[in-house]
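Try each one before reading its solution.

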Amino acid sequence: MADNSPSTGYLVPTRQVRIADLQKKKGTGEKWAMLTAYDYSTARAFAQGGVECLLVGDSAANVVFGYGQTQQVSLDEMVYLAAAVVRGAGNALVIADLPFGTYEASDEQAVVSAAEMMRRSGAAMVKIEGGVRIAPRIRALVTAGIPVCAHIGFTPQSVNALSGFKVQGRGDAADQLLADVRAVAEAGASMVVLEMVPADVAAEATAAVDIPTIGIGAGPETDAQVLVWHDLAAFPADGHRPKFAKQWAQVGEDLTTAASSYKREVAEGTFPAAEHCF
Ligand code: KIV
């Protein structure tokens, strides 16, 4: 990746990941990774780590804005985050969530919202939640030339309707999950997120469609995996860690330690030292 911008500005792509590249991996069985990102600097770090796809998730409502509910984030807020991520994304494909209330009412509303997101942010694809019930929206977006990532299983925007954070597709509900994955694929979705689905049902859903499945709490058999980056980095240190996430770093603890060391050295008068002075 050409890094012609050591501190600010676009991370210039050398070989942009395309939707077709990720779809091809389904044929070869090569697994790939998606990670959430909400700003320029983390997007840059994750792209430099080789992550193929960055998701500007509406989990931003919680981890960026501190809202109590995913549903509270607006299209405008999401657009600003997505535009920053695109500037740092380098070769990674950027997908942006359409937030709650911006696509459910009609096909027209979905197309207008998605077009605004793509025009103002430069994201390559939008993600919307729902299976069979949302398939007409997916078809309308694809007809308008807008690539779509679907999101089924546990869908956070419907947390109230689903009566909480619960595994979806268990037992008899597996049939609905399979109907959902087929419906979004038939409607033209380019890929589909499966959230909090039993591993065997996710494996069946992955085999049932030609498009890539991206699992989060859906076991090892999906074509790709996605995590909210705060969950892989233990940030903040006292945050909730979902069972399906693993921590590869302790960013929350490190930041708190750094902040308290800084505060102590300022109080002691040992920072700034001679090497920090002009
Ligand atoms: O908003 C988000 O971060 C998501 C992921 C959990 C897939 O939708």
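**Exercise 1.** Is Phe65 buried, partly exposed or exposed?

Solution. Phe65 has a relative accessible area of 32%. Buried means under 20%, exposed over 50%, and partly exposed in between (1.4 Å probe, protein chains only). So Phe65 is partly exposed. Tyr67, at 25%, is partly exposed too.

A quick note on the source: this is a predicted model, where local features need pLDDT of at least 70 and side-chain atom pairs count only at pLDDT 80 or more, while totals for chains, interfaces and linings use all residues. Residues are numbered from 1 along each chain as its sequence is written, and side-chain values use heavy atoms, leaving out hydrogens and water.

**Exercise 2.** How do the rings of Phe65 and Tyr67 pair up?

Solution. Start with the rule: rings of Phe, Tyr and Trp (its six-membered ring) pair if their centres lie within 6.5 Å; planes under 30 degrees apart are stacked, over 60 edge-to-face, and the rest tilted. By this rule there are 5 aromatic pairs. For Phe65 and Tyr67, the centres are 5.6 Å apart and the planes at 20 degrees, so the pair is stacked. Elsewhere, Phe46, Trp229 and Phe235 form one aromatic cluster.

**Exercise 3.** Which side chains have a polar atom 2.8 Å, 3.1 Å or 3.2 Å from a ligand oxygen?

Solution. Take a polar contact as a pair of N or O atoms within 3.5 Å.
- Lys127 is at 2.8 Å.
- Asp58 is at 3.1 Å.
- Asp97 is at 3.2 Å.

Conventions:
Polar contact = N/O pair within 3.5 Å; in protein donor to acceptor, adjacent residues only side chain to side chain.
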